[in-house]
Amino acid sequence: MASVLMSYITSTFQTKSDMKVAEEEWQKIIQEMSSRFKSAGALRQTVSQVWNKEGVFMLGNMWEYKDEKAFVSCQTLLDKYHAPKVKTFVNKVVGSRGIVLHEFTADDFK
């Protein structure tokens, strides 16, 4: 199934240690919640460490959803289960949302 909506969120931290703690906490949340996100309509979620900005400690979270209903359902889950666990993190969060217009996928991409 192809993604219809995408969301990309960057989180910038004051230190590398803060970034690492946040990434580890996010991994725990995803492991606990993956079946709920899948049932809600999330198709894919990736976490990346932004590496092309020297001296910046930044994580990127890419979400892909099957439709707008899935996006709203996943946001509800995030508000309920994720937000309380990370509200003490000091970071700057910037979110971008998009509708997929074009896509390239390599034949061997899984």
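**Entry 1**

The model I am reading is a predicted one. For W63 the relative accessible area is 2%, and I therefore record W63 as buried, the limit being under 20%.

I then turned to the rings of these residues. F37 and W63 form an aromatic pair of the edge-to-face kind, with 4.8 Å from centre to centre and 65° between the planes. F37 belongs to helix α1 and W63 to strand β3, so this pair ties together parts that are 26 residues apart in sequence.

**Entry 1: the other aromatic rings**

How many aromatic pairs does a search of the whole structure find? I noted four. One of them joins W26 and W63, edge-to-face, at 6.1 Å centre to centre and with 75° between the planes. I placed W26 in helix α1, residues 16–40, and W63 in strand β3, residues 57–65; the pair links distant parts of the chain, 37 residues apart.

Is W26 buried or exposed? Its relative accessibility is 8%, so I count W26 as buried.

I also recorded the grouping of the rings: W26, F37, W63, Y65 and F71 form one aromatic cluster.

Strand β3 is mostly covered, and seven of its nine residues are buried.

On one partner, I noted that strand β1, residues 5–13, runs antiparallel to β3 and is joined to it by nine bridges. Within this pairing I looked up two positions. T12 has M58 in β3 as its bridge partner. S7 stands opposite W63 in β3.

On another partner, I noted that strand β2, residues 42–49, pairs with β3 over seven bridges, again in the antiparallel sense. Here R44 stands opposite E64 of β3.

**Entry 2: the sheet**

In what order do the four strands of the open sheet lie? I read the order as β2-β3-β1-β4, with antiparallel pairing. The edge strands are β2 and β4, the latter covering 91–99, and each of them pairs on one side only. Direction ignored, neighbouring strands of this sheet are turned by 15° against each other on average.

I then followed β1 to β4. These strands pair over nine bridges in the antiparallel sense. I9 has G95 in β4 as its bridge partner.

Helix α1 was considered against the sheet as well. I found that α1 lies across β1, β2 and β3 and runs at about 10° to β3.

**Entry 3: the largest pocket**

I looked up the volume of the largest pocket and recorded about 450 Å³ of space. Which residues lie nearest its centre? Of the 20 residues in the lining, I listed I9, S11, N61, H82 and V93 as nearest the centre.

I then sorted the lining by element. At least two residues each come from β1, α1, β3, α2 (68–86) and β4. Helix α2 gives the most to this lining, namely six residues.

K16 is found in helix α1. Its relative accessible area is 55%, and because the limit for exposed is over 50%, I record K16 as exposed. Between the C-alpha atoms of K16 and M58 I noted 8.6 Å in space, against 42 residues in sequence. M58 had already come up as the bridge partner of T12.

K20 also has its place in helix α1. How exposed is K20? With a relative accessible area of 46%, K20 is partly exposed. I also looked up K20 and T76, which are 56 residues apart along the chain; their C-alpha atoms are separated by 25 Å.

Conventions: Residues numbered from 1 in each chain as written. Predicted model: local features only at pLDDT ≥ 70, side-chain atom pairs only at ≥ 80, totals over all residues. Heavy atoms only, no water. Phe/Tyr/Trp six-rings, centres within 6.5 Å; stacked < 30°, edge-to-face > 60°. Buried < 20%, exposed > 50% of the residue type's maximum accessible area, 1.4 Å probe, protein only. Pairing = 2+ DSSP bridges. Axes fitted to C-alpha atoms, helices over the stretch in contact; angles between N-to-C directions. Contact = heavy atoms within 4.5 Å. 1 Å grid on protein atoms, 1.4 Å probe; cavity = no way out; pocket = protein on both sides within 12 Å on 5 of 7 lines; lining within 4 Å. Points joined across faces, edges and corners; volume = space filled by probe spheres on them.
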